[in-house]
Amino acid sequence: MSIDVYNPATEEVIGSVPETDSVDPAVAAARAALGPWSALPRAERAAHLAALRDLLVAHADELAGIITAEMGAPLAIARKVQVGLPIAVLSSMVDLLNRDECEERIGNSLVVRDPVGVVAAITPWNYPLHQTVAKLAPALAAGNTVVHKPSEVAPLSALRLAELVREAGLPSGVYNLVTGYGDPTGAALAGHAGVDLVSFTGSTGAGRTVAALAASHLARVSLELGGKSANVILPDADLAAAVKVGIGNCYLNSGQTCTAWTRLLVHESQHDEVVDLAVAAASKYTVGDPTDPATRLGPLASAAQRDRVRSYIARGVADGARMALGDGSVPDVGYYVAPVVFADVDPASVIAQEEIFGPVLSIIRYRDEDDAVRIANGTPYGLAGSVWSGSPERALAVARRLRTGQVDVNGGSFNPLAPFGGIGDSGYGRELGVHGFEEFTSVKAIQL
Ligand code: NAD
């Protein structure tokens with residue numbers, strides 16, 4: 001049996017992948033490769049990862065084209081973010097291996113970091129290459145071997161990555177790819193007794209299932225799940241900048257970004273002004289063919305995702321939110337949704353509580369700073385967030401009060417070395433940088 005892959009802009013089948021019968025051979029291959037790979041000197045593992053990084057650089061345009069075709073991100077975003085980030089992540093792991101021993105002395109103990117073993121990496125479709133490399137690079141750097149199951153919606157970039165891994169000369173069995181649906185293939189992997197750590201990125205519901213499956217054999221689990229992040233604009237902020245950057249963050253990748261600031265929190269006295277600014281900024285997001293350089297919003301990744309987003313939009317209207325923008329036209333063919341700005345959103349309503357994963361912004365009024373913090377912290381999620389203020393100290397003080405894994409102050413830029421991950425329904429465990437590397441290690445104390 002095979003699974004068809006669709007181009008979301010044309011609705012055409014552009015490839016297919018096999019539905020894996022059994023994950024046993026892949027897990028066995030990873031187990032067999034584990035000893036020799038983990039025994040390699042760090043500098044040699046670094047050289048392998050550098051070779052893979054160099055191939056990603058050499059094939060960056062090709063990889064961006066595959067990602068655009070399989071999930072619809074505009075080419076410029078695919079090149080800069082979807083391919084640029086994995087290159088940066090691989091480089092960070094090469095640097096880490098060449099720089100730090102990651103060992104520590106505590107009294108008469110030497111604390112060292114061993115690999116955990118065989119890692120199951122299960123990834124979604126929204127940043128297919130980045131989410132794979134964010135697991136693969138630190139896992140391999142730490143001496144683990146990997147079995148990867150990409151999303152059935154966008155698996156083609158993983159197929160190409162597997163070829164590049166081989167071309168880079170990594171030993172056979174170090175990276176193993178299995179394709180198939182979440183259930184049964186992903187579930188078989190998460191529940192496999194030969195897997196020591198499951199690193200999962202995807203929806204909160206599937207994350208719960210995966211954690212339960214891994215618990216059956218006490219595999220370690222790391223979960224990067226959804227979000228409903230708040231962009232808190234304090235009254236003394238540069239409103240125009242805060243709204244422009246906020247819209248850009250919310251709509252990045254057609255809103256299919258787990259860290260998207262989908263709730264804009266504004267002081268009640270500035271609500272209407274901010275709605276006008278948001279509508280003006282959002283109106284500039286041209287919807288269309290993701291291969292056209294003028295396009296800023298490509299299609300959603302699948303028909304199912306488009307339908308899900310549309311149903312949330314209808315729910316917002318039914319629940320009394322005011323649609324300040326939302327009647328933009330979209331191409332007849334393709335899984336498109338025009339950008340939406342909801343004003344006067346009740347923070348307890350469904351569209352303000354649940355992850356929509358589309359280009360939909362909810363603007364919410366707050367009374368004072370405490371109210372803003374209460375609303376920002378008032379969802380089950382806690383992945384990202386943002387605070388804007390004319391006073392960086394004030395913004396930092398509010399950032400400290402947000403219950404979330406990351407916060408950007410006054411548009412602070414994404415840092416690929418900073419720990420990335422969430423709390424609550426956004427999951428647990430961290431990716432990227434030293435923290436992401438440590439996630440794939442087991443500490444051992446040697447008393448001297
Ligand atoms: P999904 O949970 O449906 O699928 C993610 C992956 O898990 C896919 O490979 C899928 O096949 C697999 N899967 C699904 N059910 C499974 C099961 N029962 N057992 C094992 N594997 C299973 O999510 P999606 O629709 O592909 O991605 C969108 C979701 O992912 C959004 O909710 C988004 O917020 C979240 N996400 C989170 C992050 C993060 O870093 N926090 C990043 C990207 C996406």
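Guide: A residue is near a molecule if one of its heavy atoms lies within 4 Å of it. The model is predicted, so local features need pLDDT of at least 70 and side-chain atom pairs pLDDT 80 or more, while totals for chains, interfaces and linings use all residues. Residues are numbered from 1 along each chain as its sequence is written, and side-chain values use heavy atoms, without hydrogens and water.

Visitor: How many residues surround the ligand?
Guide: Thr 123, Gln 131, Ser 203, Leu 225 and Glu 355 are the closest.

Visitor: Where is Pro 184?
Guide: A cis peptide bond, with omega about 25 degrees, joins Asp 183 to Pro 184. Most peptide bonds are trans. Pro 184 belongs to helix 7 (helices are DSSP runs of H or I, at least four residues; strands are E, at least two).

Visitor: Is Ser 254 buried or exposed?
Guide: Ser 254 is not a glycine, yet its phi is positive, near 55 degrees. Ser 254 lies in the loop between helix 9 (239-251) and strand 11 (263-267). Its relative accessible area is 3%, and under 20% (1.4 Å probe, protein chains only) counts as buried, over 50% as exposed, with partly exposed in between. Ser 254 is therefore buried.
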